[in-house]
Amino acid sequence: MAIRSEQSRQAILQATMKLLDEREPDSMSVQQLSIERIAREAGVSKTTIYRWWPSKAAVIIDTFLEKHILQTTLRDDLPPVDALREHVVSLAKVYAGHEGRLMAQLIAESQYDPATLDAFKTLFWRPRREVVNRVIERGIAEGSIRDGYSPDELAERIYAPIYFQLLFREGSFDADTIAAGFELALHGIAGRSG
């Protein structure tokens, strides 16, 4: 039974990604997608989907996370600043493609749907933030990241430019631009004499 359940779960995740992939002929937006359409594409019942997830948003977020976490690891074998820089660049690389447009849609949908916002924060944002905060805390303890600010405040300064670019489609997601933005966040905007 467990093997069959995992096969159904994987079929649901794959069907969801296929339906949301704009490169596919029958793709649709997050707003257009329904549990019924996912069930039909995956060859399962709606009940099967609701056994695993409470909402469409939760299915989409899990679908996104299946690939996202693997592509945007935050290494703990590097010095904290290097680990954060590498993570920011890998995140931008992912967001430059289809996954970025999917993320932008999820963020947009969460602005008017409290359940989607809660699912987004619970399943994606907070767990990722905890991982980032641990690296920042290690950097503060080692002296490579300034103290006097909370890890949350520092993480916001590092990641806000990426989400700004993602949502407003301003600027570039190429590695050099993102690395330069990271350096700006790291060193601040104060002049050398100030």
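Start by selecting Glu41, which is partly exposed at a relative accessible area of 29%. Keep in mind as you click around that this is a predicted model. Glu41 sits in helix H2 and Lys18 in helix H1, 23 residues apart, so you're looking at a link between distant parts of the chain.

Stay on H2 and pick Glu36, then Lys46. Their side chains meet in another salt bridge, 3.1 Å from N to O. Because Lys46 belongs to helix H3 (residues 46-52), this pair ties H2 to a part 10 residues away in sequence. Glu36 is partly exposed at 40% relative accessibility, and Lys46 is partly exposed at 38%.

Next, Glu109 and Lys56. Are they buried or exposed? Both are buried. They form a salt bridge with the closest N and O atoms 3.7 Å apart. Glu109 is in helix H6 and Lys56 in helix H4, so parts 53 residues apart in sequence are tied together here. The structure holds 15 salt bridges; for a network of them, select Arg129, Asp152, Glu156 and Arg157.

Back to H1 for a moment: zoom in on Thr16, which lies in that helix. Thr16 is buried, at a relative accessible area of 0%. Show its contacts beyond four places in sequence and you'll find Leu33, Ile38, Val59, Ile60 and Thr63. If you'd like to colour by annotation, UniProt lists residues 6-71 as "domain: HTH tetR-type", in an unreviewed entry. That span is 70% helix and 0% strand, and its end C-alpha atoms lie 22 Å apart.

Now for helix H7, residues 114-142. It has 29 residues and reaches 39 Å from first C-alpha to last, close to the 42 Å expected. Look along the axis to Lys121, where H7 bends by about 45°. The buried residues of H7 include Phe120, Phe124, Arg128 and Arg129, and among the elements covering its buried residues are H4, H5, H6 and H8.

Finish on Phe124. Apart from neighbours within four places in sequence, Phe124 is in contact with Ile61, Phe64, Leu65, His68, Tyr95, Met103, Ala119 and Tyr163. Phe124 is also one of the residues touching the most other members of the largest nonpolar core, which has 55 residues. Colour that core by helix and you'll see H5 giving the most, with eight residues.

Methods:
Residues are numbered from 1 along each chain as its sequence is written. This is a predicted model: local features need pLDDT of at least 70, side-chain atom pairs count only at pLDDT 80 or more; totals for chains, interfaces and linings use all residues. Side-chain values use heavy atoms; hydrogens and water are left out. UniProt positions are given in the numbering used here, feature names are shortened, and annotations may be inferred rather than shown by experiment. Helices (H or I, at least four residues) and strands (E, at least two) are DSSP runs, numbered from the N terminus. The expected span of a helix is 1.5 Å times one less than its number of residues. The bend at a residue is the angle between axes fitted to the seven residues ending there and the seven starting there. Buried means under 20% relative accessible area, exposed over 50%, partly exposed in between (1.4 Å probe, protein chains only). Contact means heavy atoms within 4.5 Å. A nonpolar core is a set of buried Ala, Val, Leu, Ile, Met, Phe, Trp, Tyr and Cys residues joined through side-chain atoms within 4.5 Å. A salt bridge is a side-chain nitrogen of Lys or Arg within 4 Å of a carboxyl oxygen of Asp or Glu.
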